[in-house]
Amino acid sequence: MENKLTKFLRSLKWLLQTEFKKQNEDAIETFLMMIFGHVFGIFTPNQLAQTLKIDKNKIYRELKTWSPYQMRKMFCEFGCREAVKEIKRIEKMSPATKSRYRITLTIDDTVIDRMGRLIKMTYNWYSGRWKKTVKGQNIIGIAITIGNRVIPLSVRLVAKQGRGNTTKPEIFKQMLNELVELFQNEGIDLNEFPISFDSWYASIDLVELLRDEYHFNQILIHAKGNYIFTIDGTKDSLSGHKKEMELFSDQWGCSQTPVARKSGESPTFGTATLLFFKAMNQIQCIMCFGRKLRSCEILSIWHQHHGIEYLWRCLKSDFQYHCMRFRDKNGALLTLAIKVMTYFAFNCLGFKTTMTFRQISIYIQQHFDVCSFFREHFHLANVYNAGHS
C-alpha cells in the first residue's frame with residue numbers, strides 16, 4: 001500500500017506539473033496537500049496551517065494563484081482522460097464482458113447548503129434533500145458510470161446572474177459540447193452509451209436535442225406522476241396509470257423486481273417506451289426514447305444513474321464541502337476544484353488498491369502520523385517544519 005500511495009502521489013504531481021506548466025511548484029504542492037489532508041480530516045486551509053504549523057497566509061496566497069481557466073480545466077479534462085483510458089481498456093474485452101460494465105452517462109445536480117452572506121455563487125434553490133427552497137450553491141454534473149466506478153466528466157457551478165444564458169439546460173448543452181469534442185478527439189463517440197436524467201430535465205426540447213443533434217438513441221428520463229400519457233387506449237396521468245398497472249415479477253433478467261413495459265403517447269413528449277417498476281414499496285416510471293430497450297436493460301441503466309449520488313455524497317459528507325468558505329467567485333471555483341480533484345484522486349487510488357476512501361483514510365491514519373506523512377511526501381512541509389524548529 002505504501003508503494004502504491006507513493007507512486008500515485010508522484011504521478012498526480014507529475015500530471016499537474018505537465019498540465020499546468022506555468023504554475024509554480026509551491027502552488028501545486030499546496031493544492032496536493034489540501035487534497036491529501038482529507039484523509040486526516042483536514043478540510044480547509046486554516047486546518048492545514050494549524051496542523052502543520054504553516055503560515056495560513058502563505059497557503060491562501062498559493063491557492064489564489066490558480067486561475068479560473070486552470071480550475072475549469074480540472075472540472076473537465078482530468079475525468080475525461082481517466083474515462084477514455086477505461087473505455088479503451090474495456091473495448092478490447094468480449095461483448096459479454098463489455099455489457100456487464102454497462103457504461104452509462106448520467107446528468108444530475110445538487111445543492112450545497114451555504115449560510116454565509118459573503119460567499120459568492122449562492123442563491124435560493126430547491127433542495128431535494130430538504131424538500132424546500134434553501135440558500136446554497138447549485139452544482140450540475142455529468143458523470144460516467146463504468147461498472148461500479150463513477151467518474152465525473154464535467155462539473156459546473158450554476159449562477160442566476162450574468163450577461164449570458166444561465167439556465168441549466170443551456171449550461172448542460174455547453175458542457176455536453178465540450179465532452180463530445182474531447183471524446184471525439186480520442187476516437188470515442190459518446191452517443192454509443194445510454195444517457196439518463198432526473199425528472200427535472202424532462203422536456204421534448206431535451207429529447208430532440210439529444211436525438212437529432214447528438215444522435216443518442218438510448219435516452220432515459222425519470223417521469224413525474226402528473227405527466228399525461230395514453231396507454232392501451234386510456235388517457236390518464238401516470239399516477240392514475242400506476243394505480244391500475246399490473247406488474248410482473250417473472251420477467252427475464254429483472255432480478256425479481258416487479259415490472260411492466262408499455263408503449264405510451266404523450267401530448268408533450270410524443271411516443272415513448274414506459275417502464276413501470278416497484279422500488280421501495282413505490283411504483284416508479286422511466287421514459288425511454290430512441291432504440292427500444294428490454295425491461296432488464298432499462299433497469300440496469302437506471303441502476304447506474306444513481307452512481308452520481310455517490311459523487312455528491314462524497315463531496316458533502318466525506319470531503320465536507322460546506323466547511324470551505326472562500327468569499328469571491330474565484331474562491332467558489334477553487335472550493336469546487338479542490339473537492340472534485342480530491343474525489344478524482346481517491347477514485348483513482350481506490351481503483352488501484354480496491355479500497356474505498358474511508359478504508360484508505362483508516363489505513364493511512366493507522367500507519368502514518370499526520371506530520372510525518374506530509375514531511376515524507378511534500379517538500380513544502382519540510383521547509384516550514386525546518387523554519388519552526
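The stops below cover aromatic rings, charges over rings, and paired strands.

Keep in mind that this is a predicted model.

**Stop 1: an aromatic pair.** The structure holds 21 aromatic pairs. Select Phe 20 and Trp 66 for one of them. Their ring centres are 5.4 Å apart and the planes stand at 90°, so the pair is edge-to-face. Phe 20 sits in the loop between helix H1 (2-19) and helix H2 (25-36), and Trp 66 in the loop between helix H4 (56-63) and helix H5 (68-91), so the contact ties together parts 46 residues apart in sequence. Buried or exposed, Phe 20 and Trp 66? Both are buried.

**Stop 2: charges over rings.** Stay on Phe 78 and select Arg 81. The charged end of Arg 81 sits over the Phe 78 ring, 5.7 Å from its centre. Next, move to Trp 200. Lys 168 lies over its face, 4.4 Å from the ring centre.

**Stop 3: strands.** Switch to cartoon and select strand S11 (residues 282-290). Strand S6 (residues 218-222) runs antiparallel to S11, joined by five bridges. Find Gln 218: opposite stands Gly 290 in S11. Strand S10 (residues 270-279) also pairs with S11, antiparallel, over seven bridges. Here Thr 273 faces Cys 288 in S11 as its opposite residue.

**Stop 4: the turn.** Finish at the hairpin of S10 and S11, with two residues between the strands. Select Met 280, which takes a positive phi near 55°.

Notes. Residues numbered from 1 in each chain as written. Predicted model: local features only at pLDDT ≥ 70, side-chain atom pairs only at ≥ 80, totals over all residues. Heavy atoms only, no water. Phe/Tyr/Trp six-rings, centres within 6.5 Å; stacked < 30°, edge-to-face > 60°. Helix = DSSP H or I, 4+ residues; strand = E, 2+ residues; numbered from the N terminus. Buried < 20%, exposed > 50% of the residue type's maximum accessible area, 1.4 Å probe, protein only. Lys NZ or Arg CZ within 6 Å of the ring centre and 35° of its normal. Pairing = 2+ DSSP bridges.
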